[in-house]
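This report covers the interface, the salt bridges, a strand arrangement and some local backbone features. The structure is shown below.

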2 protein chains.
Amino acid sequence: MKDQKRIRYSKYIDKITTAEMAATFIQPKDVLGVSGFTKAGDSKTVLPCVAQRGYKENLQLTVISGASLGYDTDADLAKSGALLKRLPFQADPTLRKSIDTHQLFYVDQHLGQTAEILQNLQTKIDVAIIEAVAITKEGYIVPTTSVGNSATFTEMAEKIIIEINTSFPENLEGIHDIKLQKPQPNREIIPITQSSDRIGTPYIKIDPHKVAAIVFTKVPDAPARIASPDANTQAIAKHILNFLENEVALGRLTPSLLPLQAGIGKTANAILSGFVHSNFENLTMYSEVLQDSTFELFDAGKLKFASASSITVSEECFEKVFTNFEKYKDKLVLRPQNISNSPEVIRRLGIIGINTAIEFDIYGNVNSTHITGTKMMNGIGGSGDFARNGYLSVFVCPSISKNDTISHIVPMVSHTDHTEHDVDVLVTEQGLADLRGLAPRERAKLIIENCAHPIYKSELKTYFERASKFGGQTPHLLEEALSWHQRLKLHGTMKKVKQQVASH
Amino acid sequence: MKDQKRIRYSKYIDKITTAEMAATFIQPKDVLGVSGFTKAGDSKTVLPCVAQRGYKENLQLTVISGASLGYDTDADLAKSGALLKRLPFQADPTLRKSIDTHQLFYVDQHLGQTAEILQNLQTKIDVAIIEAVAITKEGYIVPTTSVGNSATFTEMAEKIIIEINTSFPENLEGIHDIKLQKPQPNREIIPITQSSDRIGTPYIKIDPHKVAAIVFTKVPDAPARIASPDANTQAIAKHILNFLENEVALGRLTPSLLPLQAGIGKTANAILSGFVHSNFENLTMYSEVLQDSTFELFDAGKLKFASASSITVSEECFEKVFTNFEKYKDKLVLRPQNISNSPEVIRRLGIIGINTAIEFDIYGNVNSTHITGTKMMNGIGGSGDFARNGYLSVFVCPSISKNDTISHIVPMVSHTDHTEHDVDVLVTEQGLADLRGLAPRERAKLIIENCAHPIYKSELKTYFERASKFGGQTPHLLEEALSWHQRLKLHGTMKKVKQQVASH
């Protein structure tokens, strides 16, 4: 069988089985560590079979991944009732609904810290399910389009199920750089001083005795949904490019800037695409996800090197990249997410982090996770890893949305994911506020002036002025601070509702 | 003159002048970088003379320190109106009042990030005022009881004023380890893998041409006010020690734990003192301030080594330490605060950080800085540096205070300094909640049960239950979330006030 050539370790041959059979290795109440990071490199058949078991059995599983999974895997895990707990990230509407209706527990973690927490708590991982492009002659795993937490999972797991995905070309081998972090007090220096530095092996070293099953699949990664840049995202991109150009003019940065990180999604993708027609050159990325824009930048000759934990691209981009993979291969590295998101490396390299906010307040606090303070959107992801320890932390969002009923600049955020101390620059399509070195009252003026939408600007100004009469480092009227969110919940709009409507 | 022997660089001799004269080098609108960290190693005469000038002149100074200053220096700077802006920390009631009444701007920064931000913005420091115990034969500065941001200030300053303080013994020389961080992209690895590692020089290298004035003083550091442990702080200490003992029993930690960090103040001091009679041994500290308890632990043979950015002790402890300094000297090192609080080192060593909260909420968010969401207490200090990147982040506070009118566990914090993602363990005298790996709804039950005071427990429970009916990852009733703080403001108590009182 041609596919078996991907297993270069003969002792695994008798482990080959079907996804359904492999899924039977999972016991109720198990803790699973699964590969997959923003839809890339996840289990395409075994984990979905586990989800199906949930319809018939009371599984109560804890499923820990790198980040979000592709296709409907997270939806099926939620719908079938297989989950007791899910961490550290998700981006699925069905799972989200199950979280918000208390069908399961969701632990929203900094993506760079999950491996740390598992290691510190010595959490027992019952089964690791890891996608592979091939098995080395020593029985080690060559991952596919993401590394995520897979090296930590296989290290800590009792059993390992490997899913060999032949939809990926074998020459993916070589782009991974795997190095496990020893627990403290034996933690070593991470000797990365440039995005392109390699410190580990191109495979995940595992104990072959742990391998319980090997399954073949050829389902490709679920493609990223890439929306074309619109007027808003283009305006945001322009503000950021202008700002960075000015930093170069001031002598604070060079035209190659510092390594870029960008969150997942259309805004981040549009911002990076904006660099294609910029004056910047020899750019580098030290990020967690590489999207279509990364390859646009390579093609434009703007980007020298990109480091991340996953590659999540559209179908079209996937085709382009993996049929010409030798063209990109020596410019890429995929790392474990506690290295891609490591505080040590992020501070040392001086990352410029650009992430999306749900809302921010007039003092510079950012909400990345909760709708009106209670309902989960996706999760904090790696935004905190980069915002806290990077050189520059930029947060972006539109100033308004939903037919003007929502202002994304509010008096007080309804949930804080990034505190005023960790936010350097805020951007909407209206403009950019550089908050560095400013006190809260200075920030408020700048944020309202530069970032708020005109239809909400005067009410924000008035709030700030009225609150300021009572003094304080951070003036607030506590009885009104969350009133915009209350209005949205009650009346479907943050706009002031006329008295007769409000008194319903 | 005997004191002049402390200047081993003869070209400085003609720079010797009075504090009043030295203070005239400061111009209106200047940015000053001054030594001093939690009252230790600050300017005792020049900066106070600058403050006095504020009564007669419109100075509008920006004063950047390591952390808080001693005596009434911050109070005088505020009262005289000399300040336009103050950063990154303060702990003075008069200055606090000026901040809250909008007499000046206060920028509350992570103590480990001030040097980074100055360097990134290429901020012009007009004058650095640095306390020294001596001058080397090359003209370099040997600091006193703190390093703080002094090396960054002197590097970036146009002029340097040195204040030689003869109240400190000259054998302080040798305990400092100074290494400047190069700006990115040339930032190097910080090769500290143990608290005791030295990577720099025992002096601050400066350009002697920048030295504008040298002043002598013999005013000692303002002593720390050390309150004896009370029932509350002892109960908190006991909960923490029991928790750590259990972690050792579970095999997660060894009896020497991992390097300890403790915030400033009586609770942190009491907790560390608690280790004297514990079963832990060969302890180390990698902290920002060393208090009396550090030297108690040395005397008890429990502590092997302590690294920090300052030594802030009581008068009695100062006497003990500095008359027997050789006994302690090889067990101590003082570092720049961007090294003592470096994300790289904090993560690598795996710091156990213990810091004080003003309040925390039922989901594990911590407020360290703002009274009822608006008024400044001291500042975030280094708590965020350690909480975010350490091995374990513990926050402590009493469950109630002010004659039971304040519950320090609230439905929603009125200001967030440490988000739910960064808080591992919460402790009050009532008990301890280990939040690691828990979802918000799991945390809420544990926090209310273990940490809340009995008189507020049932209302917290009811809030959580009522909010939970509406679902959500983090259940809240937005219209009530901040009502406890509103009650405190309106009625002087967080307790539910009877209707007739409330309707005043």
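## Strand pairing in chain A

Two strands are taken to pair if DSSP finds at least two bridges between them. In this predicted model, strand β16 (residues 359-361) of chain A and β17(A) pair in the antiparallel sense, and two bridges link them. At one position along this pairing, A:Glu359 stands opposite A:Asn367 in β17(A).

These two strands belong to an open sheet of three strands in chain A, with the order β17-β16-β23 and mixed pairing. Its edge strands are β17 (366-367) and β23 (409-410) of chain A, each of which pairs on one side only. As background, strands of a sheet pair through backbone hydrogen bonds, and the pairing is either parallel or antiparallel.

## The sheet in chain B

Chain B has an open sheet of three strands in the order β17-β16-β23, again with mixed pairing. Why is one side of β17 and of β23 in chain B left without a neighbour in the sheet? Both β17 (366-367) and β23 (409-410) of chain B stand at the edges and have a single partner strand each, so one side of each has no neighbour there.

Strand β16 (residues 359-361) of chain B pairs with β17(B) over two bridges, in the antiparallel sense. B:Glu359 has B:Asn367 as its bridge partner in β17(B).

## The interface between chains A and B

The size of an interface is often given as the accessible area lost when the parts come together. Chain A and chain B bury about 6900 Å² between them, and 52% of that area is on carbon and sulfur atoms. Chain A contributes 76 residues to the contact, and chain B contributes 76 residues.

How many residue pairs are in polar contact between chain A and chain B? The count is 42 residue pairs, with both residues at pLDDT 80 or more. On the side of chain A that touches chain B, helix α13 (residues 343-349) of chain A gives the most, with five residues. Sorted by class, that side of chain A has 25 nonpolar, 30 polar and 21 charged residues.

Over all chains the count comes to 61 salt bridges. Between chain A and chain B there are six salt bridges.

A:Arg348 and A:Glu344 both lie in helix α13 of chain A, four residues apart, about one turn of the helix.

## Backbone features in loops

A cis peptide bond joins A:Leu87 and A:Pro88, with omega about -5 degrees. A:Pro88 is in the loop between β3 (83-87) and α4 (93-100) of chain A.

In chain B, a cis peptide bond joins B:Gln184 and B:Pro185, with omega about 10 degrees. B:Pro185 is in the loop between β7 (157-165) and β8 (211-217) of chain B. B:Gln60 is a residue other than glycine with a positive phi, near 50 degrees. The loop that holds B:Gln60 runs between α2 (46-53) and β2 (61-64) of chain B.

## Confidence of the model

The model scores ipTM 0.97 and pTM 0.97. Chain A has a mean pLDDT of 96, and 98% of its residues reach 70 or more.

How values were computed. Residues are numbered from 1 along each chain as its sequence is written. Chains are lettered from A and ligands numbered from 1 in the order in which they are written. This is a predicted model: local features need pLDDT of at least 70, side-chain atom pairs count only at pLDDT 80 or more; totals for chains, interfaces and linings use all residues. Side-chain values use heavy atoms; hydrogens and water are left out. Contact means heavy atoms within 4.5 Å. Buried area is the accessible area (1.4 Å probe) that two parts lose on being put together, summed over both. A salt bridge is a side-chain nitrogen of Lys or Arg within 4 Å of a carboxyl oxygen of Asp or Glu. A polar contact is a pair of N or O atoms within 3.5 Å; within protein, one must be able to donate a hydrogen and the other to accept it, and residues adjacent in sequence count only if both atoms are side-chain atoms. Ala, Val, Leu, Ile, Met, Phe, Trp, Tyr, Cys and Pro count as nonpolar, Asp, Glu, Lys and Arg as charged, and the others, Gly among them, as polar. pLDDT is the predictor's confidence in each residue, from 0 to 100.
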